[in-house]
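Work through the exercises below with the sequence and the model at hand. Each task is followed by a solution in steps.

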Amino acid sequence: MLELFILGLLVAAAIWTVMTRSLLRSAIGLALASAILTIIMFRMDANLAAVFELSVCAGLIPVLFISVISLTHPWTFKEAIEIMKVRLARFWGLPLVVVILGTALGLVSLKFKPQLPVAQTPGPDVRFILWHLRQLDLLGQITIIFTGVFAVIILFRERK
Amino acid sequence: MAALLVLIPFLSVLILNLPFRDFNRRACFGAAAVLFLLQMGSVFVPDNSLWNADQWGIGAFFNFGFKADILSKVVLFCIGLVSLVTLFTCRHFFKEANRRFNFINLLLIAAAGMNAISLAQDIFSLYVFLEVTAVASFILIAFDRDILGLEGAFKYIVLSGVATVLMIAAIALLVFSAGSANFSAIHAGLLLKPNPLVINLALGLFITALLIKSGLMPFHGWLPDAYTAAPAPASVFLAGAVTKVAGIYTLIRILTSVPGFANASRDVLLFVGAFSAILAALAALTQSDFKRMLSYSSISQVGYIILGVGSGTALGLAGATLHIFNHAVFKSLLFINGAAVESQTGSRDIDKMSGLSRRMPWTGLTSILGSLSCAGIPPLAGFWSKLVIIIALWLAGYKVYAVIAILGSLLTLAYFLALQRKAFFGKLGDEFQQVKEAGVDLIFPALLLGGLIVGVGVLTPFVLDKFIKQF
């Protein structure tokens, strides 16, 4: 029951993130959704994933978003209301589709016994896994963040 | 050596952004050109031990687990070649040093990301570098910061986001089925404990995601807008390399390394390939915007590649790989021709053009080579790859699809003849009397690519012998 409640909170935070008329609130909603997801991950004993979710998705990414948003020109209240109306008219059915699809997928029996990969099994230390087994992914992650910062410089700062 | 193809471009970007930026701005073009030339040359290093195990230098310090087979090498060559010609195109279009510097940085990041994709042996690492390439591509499309570019980038972001969600779900299913993210371990794990429902679900999600990334019909919504709205050098790069690597190469790699070809996935690929080859060619026939026509032509040609893959035979895969190379060459060339025409006339509307070959002879000549190769006219390079794909389809028993492929080629010829007649042949329009040939930065890459089309076409027996035998 508690799991369902937390999942409900997650969906509510996600919908708020997408539907809110302020970019800043949207970024905060994203951080909130990530924080709730972190709780779910902790409860499912995925501690390592939860730490990453909290530090990167709930921490670093919203900070990056908010710093970019500070470089943009916000909508006026009237513009925001108009856009909100259009968005609601266009996407009102989307949460319904997601719930129906999710329920349908939940009813399908996949007879699936997940076999946990090495990062989740007792054995090598997390530091060993990150620095020795997943070096390439770390390089990729650093590059994505670097490219994101580069994008802000190219698309926003120079324009300002 | 394989790790260096990823590390050196990334380190170059870091070094270029350290102090002494004025010097770096001047040096970045030459440094990037040398890097791309070295990448193209490295493909011809025959010693496989150098490719598959980094035992010396900085490569040995990192444990990336890269491996390169013939498919990876062809793709690495294409990435180097297309990046090189994009570099020249960017020098023509971005005269301001700072903008050119920023563009080259993004080009290096995207190229390194694609190099990692073509060498990765791990499904999660492959996904991470698909995202690296996608993020760099979004910025390249929106680089001019005009409304159309931002719209094109936004569409790409949205559809790429959908593809990402599908892909990560598929990866989770495969990894938790096999207990590993390594290609060969997943393959072995799936053979050991087969669960057709989970495997088919994962494959379905993955194939759909990669069809979106490839821009195939009916998932093509983002592609014509992104290619058309992007600055000319970004269009060359996207059409020549990004969609081939992020979509097609990944699809071939996953299908051949992870589950092997199931009949169901072959049927889906054949249908989507034929559907795209014909409908996109019909859509190209109705376009009057030079770049938009080339965008639909790209979708149609990617359909051909998918037909080759869908045949499920070694011959089909060899044909698809050769067509990946040929498409990278002739589509980059045609986009450079389009860029030259736009740069010199200020328009992309081919209905308003006529007789440009009289004022732009090199652009006209190379565009004929590119068009005929794309349409599959012998003895140019495109003819051979299409022929191999059609023969593979016929031999595999997919005779209807082989006939569809021939029809698609006729449609390709039709829209390129229309393009040539309208833009380059006929009487020179009065408004184009003062038009001059584009500068050396556009003519040199056009001649290089045109030469490759003729060279590979003439030397096809050697190329086929060298490549097909390795499949």
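**Exercise 1.** At what angle do the axes of helix α1 (residues 2-19) of chain A and helix α2 (residues 23-43) of chain A cross, and within what distance do they come?

Solution. The model is predicted, local features need pLDDT of at least 70 and side-chain atom pairs pLDDT 80 or more, while totals for chains, interfaces and linings use all residues. Residues are numbered from 1 along each chain as its sequence is written, chains are lettered from A and ligands numbered from 1 in the order in which they are written, and side-chain values use heavy atoms, without hydrogens and water.

Step 1. Helices are DSSP runs (H or I, at least four residues), numbered from the N terminus. Axes are lines fitted to C-alpha atoms over the stretch in contact, with angles from 0 to 180 degrees between N-to-C directions.

Step 2. The two axes cross at roughly 160 degrees and come within 8 Å. Angles over 145 degrees count as roughly antiparallel, and α1(A) and α2(A) are therefore roughly antiparallel to each other.

Step 3. α1(A) passes α2(A) in a left-handed crossing (the near helix is turned anticlockwise from the far one by less than a right angle).

Step 4. Contact means heavy atoms within 4.5 Å. Among the contact residues are L10(A) and W16(A) of α1(A), and I36(A) and R43(A) of α2(A). By class there are 15 nonpolar, three polar and three charged residues. Ala, Val, Leu, Ile, Met, Phe, Trp, Tyr, Cys and Pro count as nonpolar, Asp, Glu, Lys and Arg as charged, and the others, Gly among them, as polar.

**Exercise 2.** Describe the packing of α6(B) and α7(B).

Solution. Step 1. Helix α6 (residues 97-119) of chain B packs on helix α7 (residues 123-141) of chain B at about 155 degrees, the axes being 8 Å apart. That makes α6(B) roughly antiparallel to α7(B).

Step 2. The contact includes F103(B) and G113(B) of α6(B), with F129(B) and T133(B) of α7(B). Its classes are 14 nonpolar, two polar and no charged residues.

Step 3. α6(B) passes α7(B) in a left-handed crossing.

**Exercise 3.** How many residues of chain B are in contact with chain A, and how many of chain A with chain B?

Solution. Step 1. Chain B contributes 42 residues and chain A 29.

Step 2. The area buried between the chains is about 3,000 Å², 69% of it from carbon and sulfur atoms. Buried area is the accessible area (1.4 Å probe) that two parts lose on being put together, summed over both.

Step 3. I139(B), R145(B) and F176(B) supply 22% of the area that chain B buries against chain A, more than any other three residues.

Step 4. A salt bridge is a side-chain nitrogen of Lys or Arg within 4 Å of a carboxyl oxygen of Asp or Glu. Between chain B and chain A the count is one. R134(A) forms a salt bridge with D122(B), the closest N and O atoms being 2.9 Å apart.

**Exercise 4.** Which residues does a cis peptide bond join, with omega about 5 degrees?

Solution. Step 1. The bond joins M217(B) and P218(B). P218(B) lies in the loop between α10 and α11 (223-229) of chain B.

Step 2. The peptide bond from P378(B) to P379(B) is also cis, with omega near 5 degrees. P379(B) is in the loop between α16 (361-375) and α17 (381-395) of chain B.

Methods:
Helices (H or I, at least four residues) and strands (E, at least two) are DSSP runs, numbered from the N terminus. Angles under 35 degrees count as roughly parallel, over 145 as roughly antiparallel, 65 to 115 as roughly perpendicular and the rest as oblique.
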